Amino acid sequence: MIPFAAAVLIGLAVLWPGGAPAHERTGVGFDRQTQHATVTKVVEVSCQSVNASGGVPTGDTSTAEGSSAQQQADGTCKKATIRVDTGDDKGRTFNEIVQPDQSRQLSEGQEVVVAYEPSAPEDLQYSVTDVNRRFPMALLAGIFALAVVAVGRLRGVMALVALAISFLILNFFILPAILQGSNPLVVAVVGASAIMLIALYLCHGLSARTSVAVLGTLISLLLIGILGSVFIGWAALTGNTDDNTGLIHGLYPEIDMSGLLLAGVIIGSLGVLDDVTVTQTSAVWELHEANPSTGWRGLYRAGIRIGRDHIASVVNTLVLAYAGAALPLLLLFSIAQSSVGTVANSELVAEEIVRTLIGSIGLVASVPVTTALAALVVSADRPTARTTAPGRAGNQEQATGQAPDVRPAAGRGGRGRRRKR
């Protein structure tokens, strides 16, 4: 483990970015200046009086566009007055019209996020882009932290510390290094290795058991990296499949988007791999504690039986997690009545399929690899020979005039022959 940890430190030092490179904001998507604001007043107004056209639509109302236009003409809109709370224009107010069919409706006293475009006309420089969710998100995070500490106690505290360190490595190393043009695969491997070393040793202690879990995770990550490199290239996945990745490619053309996709596969698989490898290692260690005389083959067979149940549940969980994330996309394909082959062949879905299958193969492989390593390491730890207690041995020797009988250690199988006297 020492050479591996040294290599990770060298990689961090060589690839350390020192901050994300600056760029001029485009005003598109997430690349906008934003401020926090509050809705101070909401009044109802006629949509016909505030909409730009002011006319009655004559299109087909059976379509979504025609129905929306009819609602905007005949319905009741809302005129919201919004106060900017942060930035140079703190205290400035502006108005925003909310259509009746708009998904996000504003209410008085609601905190929102507004986008700022300095090149626009003064009355159009600010617009509402989202709701401010800081308080419910912070409250949920606090409940999560309390639950982890209440159940996990010291281990829970260490897990939260490891989680914070993981976010620091992600924000201050992985993301800026990729933006500076470093190879995403190399950055992901170094960053994921650093997260793995810190998280596992911090949560589970510096021991042979933890080292076996680290080795099992490392071997599985290497397998995932190799499979990802082969099949992402073979399937011609570009990694540029939506507006966000398109914006990243436009701002930083030097970034290898397919490499970024592979980096995401490695980082995304790391969390589940940690769970599998630590569980398998702990299971083998506990089996050895329960029966120290079991050899490494017996430990491996018992551990792999536990691992099969773990594989079934984890793979299903991983597939459902990806399916849940892509559910709106799957609904669009269902509405279009596309065949399964057409859906699977589209790059959006193929990307998720490749990501899921590569991660699942790594998870499946981690079970026998980690179990075998754990069985070999723990079976080498032989218990000492069991002898009669010193006090009783002295009494027996005095009474019989013979040395006490020393039996072979149970850890050696108990097959030694008793010496005739």
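**Charged pairs and surface patches in a predicted model**

Asp85 is partly exposed because its relative accessible area is 23%, where buried means under 20%, exposed over 50% and partly exposed in between (1.4 Å probe, protein chains only). Its salt-bridge partner is Arg83, and the closest N and O atoms of the two lie 2.9 Å apart. A salt bridge here is a side-chain nitrogen of Lys or Arg within 4 Å of a carboxyl oxygen of Asp or Glu. Arg83 is partly exposed too, given a relative accessible area of 33%.

A word on the ground rules. The model is predicted, so local features need pLDDT of at least 70 and side-chain atom pairs count only at pLDDT 80 or more, while totals for chains, interfaces and linings use all residues. Residues are numbered from 1 along each chain as its sequence is written, and side-chain values use heavy atoms, with hydrogens and water left out.

As for the overall picture, the chain has 13 helices and 5 strands; these are DSSP runs, numbered from the N terminus, with helices (H or I) of at least four residues and strands (E) of at least two. Of its 421 residues, 33% count as buried. Among contacts with a separation of 6 or more, 70% are between residues 24 or more positions apart, a contact being heavy atoms within 4.5 Å. The accessible surface of the chain is about 24500 Å², and carbon and sulfur atoms own 60% of that. Accessible areas come from the Shrake-Rupley method with a 1.4 Å probe, and for residues only the protein chains shown count as cover.

Back to the charged pairs. The structure holds 6 salt bridges. In one of them, the side chains of Arg104 and Asp130 meet at 3.7 Å, N to O. This pair ties together distant parts of the chain, 26 residues apart: Arg104 sits in the loop between β3 (93–98) and β4 (111–116), and Asp130 in strand β5 (residues 126–131). Arg104 is partly exposed, with 29% relative accessible area, and Asp130 is also partly exposed, at 26%. Glu351 and Arg355 make another salt bridge, at 3.2 Å from N to O. These two are separated by about one helical turn, because they lie 4 residues apart in helix α12 (residues 347–379). Both Glu351 and Arg355 are buried. Finally, salt bridges with shared partners join Arg104, Asp130 and Arg133 into one network.

The surface also carries patches, which are made of residues with over 30% relative accessible area and no salt bridge; like charges are joined within 9 Å, and nonpolar side chains (Val, Leu, Ile, Met, Phe, Trp, Tyr) within 5 Å. A nonpolar one takes in Val149, Leu154, Val157, Val161, Ile198 and Leu202, with about 430 Å² of accessible area together. Helices α4 and α5 each supply at least two of its residues, and α4 gives the largest share, 4 residues.

A positive patch is built from Arg297, Arg301, Arg305 and Arg308. Lys and Arg count as positive and Asp and Glu as negative, with His and the chain ends not counted; the place of a charge is NZ of Lys, CZ of Arg, CG of Asp or CD of Glu. Arg297 belongs to helix α9 (residues 296–325) and counts as exposed because its relative accessibility is 53%.
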